[in-house]
Structures are given as C-alpha cells and as structure tokens.
Amino acid sequence: MLSDQIQANIERELKKYPADQRQSAVMAALRFVQDEKGWIAPEDMADIAAYIGMPQMAVFEVATFYHMYKLKPMGEYTLTVCTNLSCQLSGVNETLLHLKNKLGIGLGEITADGKFGLREGECMGACVDAPMFTINNKKLCGRLTGEKIDQILAELSAGGQGGKQ
Amino acid sequence: MSTPIIFNTLHFDQPWTLENYLKVGGYKALRKVLAEKMLPEAIIAEVKASGLRGRGGAGFPTGLKWSFMPRNYQGDKYLVCNSDEGEPGTCKDRDILRYNPHMLIEGMAIAAYTMSVKTGYNYIHGEIFEAYERMEAACEEARKAGYLGQNILGSDFEFDLHNHLGYGAYVCGEETALLESIEGKKGQPRFKPPFPATFGLYGKPTTINNTETFASIPYIINNGGQQFADLGVPNSGGIKLFSVSGHVNNPGNFEVPMGTPFKTLLEMAGGVRGGNKLKAVIPGGSSMPVLPGEIMMDLNMDFDSIQKAGSYLGTGAIIVMDETTCMVKALERLSYFYFEESCGQCTPCREGTGWLYRIVHRIEHGEGRPEDLDLLLDLCNNIAGRTICALGDAAAWPVQGFLKHYRKEFEYHIEHKRCLV
C-alpha cells in the first residue's frame, strides 16, 4: 500500500504529463517509494503498477534498468561513489579505500548497524568536483579528502545532513 | 576576458533567482519576440546566422534542426531539453541549471514560440538532484511571474515547462532513449527514421536540444545571429562552456569563445597539477578519441581544429592526464563504463562492450596476450556503425584512440605484465 504522502507526490508528478500518459510518472513514483522506505521491494512495484495503471512487468523493467534504484536495503545512508575517469584521475581509489576502512565494508555492503551502505556509481556529471559521492541520491559531496569524508560521516552518524555545500 | 554570456549571473550571491536574472537583462529577448510578434522564419534565420551548433556533443546546426519541425501540424508538439549530462568529463549543463536556470527557461520559451509548441520537458541527469530542485523552483518562479503558462507576458502565447528527473542511465542522453524514458519506459534508443521531428515524444513531432544550446538563444535574439557568430570562428559560432577536469590544479567550467587555444584553457584551469608534464587529453568527453598533449598544445578548441587532429569537440569536456597516468588503466575504466551502460538492445554493443572491457582488463592485470591489440581493433570495427545508437561508436572510439597514440604502452603491459609509468 502506497502511503498518503507517496500518493500525493505521484499526483503532483502526474500533472506534468498528458492525462493519458500516466506511465510517465513511474520513474518518480519509484523514487518516492525509495526515499520513504530506503529501497524498492516487488510488492512496492505491484502497488505502483496498480496505482498508475500499467503492467507490473513494465514497472519492474524500469526499476531494474536505471542504476539509482535500490532493489535491496542499502543502509540508512547509501553513499554512491563515482569511480569514472575524471574521479579516478583525481584519486577516487584512495577515497574508496578510506571509506571502506572507515566503515569496515566493501562495495555493495552495509554496516552491521544498518547505518551506511556503499555503492559504486557511474559518471554523475559533476567531474570538476571529483572525487565525489552522493548521499541517498540527493546530496552530492565533491572535492572529497580524508578529512572531509570523516566530517561527513560524523555528521551523518549524529543524524545530520552530511556535507555543507 | 569579455563579459560572460551564459555565466552572466555568477557575480551575484544567488545567481539563480529571477530577480538577479532580470538585473542582467533577463527575459528581454522573450519580451522582444512577443512584442514584435517576430516571425518564426525570422527567428530561425537568426539562429542559422549565429552558427550555433548543438552543444550536446553532435554539433548539429540548431537553426536547421528547428526548421525540421512541421509548422502546420494540428495537434500536440513537444520541446525537450536534454540535461542528461553523463558523458564522463562533462558537467557544464549542471552549472546552467544551478546558476542560470531562467536563461534556459527563456531560451526554451523562444524555441517553443518559434515552433508553436505548448509543452516542454527538461530531462535532468539523476545524480544532480540539487540541480533538479533548483529547476523546479525556477519554473515555479517563472510561472508566477508570467514567463511560463498561458498568455505569457500578456500575449496569446502559451508554453509550460516541466522537469523530469532521470535515475542513472547514460544511454538516456541519446535523444530517442530520453524520449522513451519520459514515456516511463526503459531507456532504449529507437530506430531512426522516423526522426523525432516527425515521431517524437508520445509519437508527436518533437525537437530536442541540449541545455547550453537553449541557453545561447536569448543572446542571439538580443544581439542578432551575426554578432554571436563573430564571437567564435568560422563553422564554430559563438561562445562555449568547457569543463576541464582531471590532472589540473583548478578544475572548473569556463566560458570562452569558440576557437580559444587549448593552452589558454589549460592556464585558466591552473595548469597541469604539481607542474607535471602534460601527457594526454580527451578533448570532448570520454567518447572522443584521446590526443597526445603535444598535439593539443597547438590546437584551438573548435569543431574543425579538433576534427583535423583526429578527434571531436563533442561536449567540450576536457579530461587532462599528466605523465603519471597509465593509459591502460584509464582505458580500462572507460571501457567498463560503456559495458555497464550499454542498454543491451543491439548485439554488437551488448556483447562487444563486454569483450572490450574484459580484454583491456586482462592487459591491465598482466594477463594480456600478444594478439589482444589486433583483437581489440577488430572488435571496434564490428561494433562502430553497427548499432541503433551511437553508444557503440562511443565505446569503440576511445579504444581506437588510445591504441593509435599509446600502442607501445599497451604492448609493454602485455610483454612485461606491468606498467610503463
């Protein structure tokens, strides 16, 4: 069952598209579910399909095609690290090593307390700010150094937003 | 430096507000178009005279593209902005969205007027959520002030613009994949023809331009196409945003005239980091063939100069690599990217990108075979030009470029099972 908030958000998105093109809101609908629950389960896809009025299979296709959807729990704060060329040249391998050591997890894993998850991402379109990661697909933190990472992790652990840019 | 054209609000504390945009002459061009009831033909003529070529990578003449839209079509037509900026190295459109969203809105409104379109979509790269929020707020601001919606500025012109957030798929930067994505589907490119001007979004006539392309329009209307053209060089009109990333001291986006020497841009970016020697440069986004540093130092940044040297200007994203860069490792990462991002629709790309990645990977990891380099080139020839969209070419060109200029480094890796640098 989609929450009232999710339904209200989907309704707002639907207004952007012609009345007979409700499927256009599916990407946003999946994002709303992920933002609320942290990840998207098959039952959520079924709910979205029913709400929008499209085949469940078509929702599944979209959810599996786009990288930023999480189809399993990835921690309260999912850090997605871009490892593409500009970031690689700017030392992202050290960034990643620092994160792995600090959190004690590898890529695709979550910390034991469920607080942090680590993912590898593709080009985020912010290459001049390399190296970088996003927090829950919302906040982009760039020009990362060991010190800056420690500060962001500390803020997040304390329940803050992480990163002030 | 002359006064910036696209980055003309950057000196404000809040460059993105309507108030500040108006202070630098914002929406004057739209006002002019509506007050003078400019003829669409006249607008298209100015855009053609400006020499503006698509800023999303392909460099197609914008005025010509606009002329393809069926003028007398009865029914819905769409205008789409491609802000799905995910070509490694490229991040200029993000700064337009973040810092000058109203210039994009104004440019799109003029385009919509020219092609009699009532609805537009701006497709934004998923990872830059903050830019999406900024655009949503700017559209709302424009609606309230009468620059979007019905009866714009008291005229009978109607146009509304909506933002659509992508969610992590490089291939959606391809225009027909992007349309599929707006329709709520997997972003798999369509066969062309039919082209979007006849069969686009929801099957309706559609024109798709890049963010920076639209943002160039207000200046062209205010000052005339010729003046924009004169800022640049023949066949590369106007100014351009260049993203300079990688091994430089001061990575950033720089607005300069087309034809600016690469050397100048490198200086603007603070030079090669740590005073190191320049080794190689990718001049137009990761898909474009790499060029050796010494060749780049003599080149100007415009379509023809870069093409003559064997690469392309693409999106204007410059990735700088210094002497410490292992070219095998660099190519390995790029090949992984195309393998990861292939939509899987065409066999040569789906299978071929995997082959390319696995072979470069084994060379990098000391397991390369002497025949691998010829095998890579043979694979490239069987991918490029044999797929529905250009992602196949985009996967092949870097491999061909790296092998053309740095083959010795690859051979060394294969023979000695370690790096030359």
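A: Happy to! B:Arg407 has a relative accessibility of 27%, so it counts as partly exposed. Keep in mind that this is a predicted model.

Q: Good to know. What does B:Arg407 form a salt bridge with?

A: Its partner is B:Glu411, and the closest N and O atoms are 3.2 Å apart. B:Glu411 is partly exposed too, because its relative accessibility is 36%.

Q: Which residues are joined into one network by salt bridges that share partners?

A: That network is made up of B:Arg55, B:Lys92, B:Asp93, B:Glu212 and B:Lys240.

Q: Let's take B:Lys240 and B:Glu212. How far apart are the closest N and O atoms?

A: They are 2.8 Å apart in that salt bridge. The pair links distant parts of the chain: B:Lys240 lies in strand S5 (residues 239-246) of chain B and B:Glu212 in helix H9 (residues 211-223) of chain B, 28 residues apart.

Q: Is B:Lys240 buried or exposed?

A: B:Lys240 counts as buried because its relative accessibility is 1%. B:Glu212 has a relative accessible area of 0%, so that residue is buried as well.

Q: How many salt bridges are there over all chains?

A: A search of the whole structure gives 31. One in chain A joins A:Lys102 to A:Asp150, with 3.6 Å between the closest N and O atoms. Here too, distant parts of the chain are linked: A:Lys102 sits in helix H6 (residues 92-103) of chain A, A:Asp150 in helix H7 (residues 146-157) of chain A, and they are 48 residues apart.

Q: Are A:Lys102 and A:Asp150 buried or partly exposed?

A: A:Lys102 counts as partly exposed because its relative accessibility is 47%. A:Asp150 is also partly exposed, at 26% relative accessible area.

Q: While we're on chain A, what does its secondary structure come to?

A: Chain A has seven helices and four strands. Along the sequence they follow the pattern α-α-α-α-β-α-α-β-β-β-α. The C-alpha trace spans about 50 × 35 × 25 Å along its principal axes, and 55% of the 165 residues of chain A count as buried.

Q: Which domains is chain A divided into?

A: Domain 1 covers 4-65 and domain 2 covers 77-157. Taken over C-alpha atoms, the centres of these two domains of chain A are 28 Å apart.

Q: Back to chain B. What is on each side of strand S1?

A: Buried residues on both: B:Tyr78, B:Val80 and B:Asn82 on one side, B:Leu79, B:Cys81 and B:Ser83 on the other. Six of the six residues of S1(B), which runs over residues 78-83, are buried.

Q: Which strands does S1(B) pair with?

A: One is strand S2 (residues 119-124) of chain B, paired in the parallel sense over six bridges; within that pairing, B:Asn82 has B:Tyr123 as its bridge partner. Another is strand S4 (residues 206-210) of chain B, which runs parallel to S1(B) and is joined to it by five bridges. There, B:Leu79 stands opposite B:Thr207.

Q: And in what order do the five strands of the open sheet come?

A: In chain B the order is S6-S5-S11-S8-S9, with mixed pairing. The edge strands are S6 (252-257) and S9 (291-292), each pairing on one side only. S8(B), residues 278-282, runs antiparallel to S9(B) with two bridges between them, and B:Ala280 stands opposite B:Pro292.

Q: Now helices. How many residues of H6(B) are buried?

A: 14 of its 14 residues are buried. Just after H6(B), B:Ser116 takes a positive phi of about 50°.

Q: Last one: which residues make the nonpolar surface patch of about 260 Å²?

A: B:Phe60, B:Leu64 and B:Phe68 make that patch. B:Leu64 belongs to helix H4 (residues 62-67) of chain B, and its relative accessible area of 33% makes it partly exposed.

Definitions and conventions:
Residues numbered from 1 in each chain as written. Chains lettered and ligands numbered in written order. Predicted model: local features only at pLDDT ≥ 70, side-chain atom pairs only at ≥ 80, totals over all residues. Heavy atoms only, no water. Patch = residues over 30% accessible without salt bridge, like charges linked within 9 Å, V, L, I, M, F, W, Y side chains within 5 Å. Areas by Shrake-Rupley, 256 points an atom, 1.4 Å probe, with all protein chains shown as cover. Salt bridge = Lys/Arg side-chain N within 4 Å of Asp/Glu carboxyl O. Buried < 20%, exposed > 50% of the residue type's maximum accessible area, 1.4 Å probe, protein only. Pairing = 2+ DSSP bridges. Domains from an automatic or database assignment.
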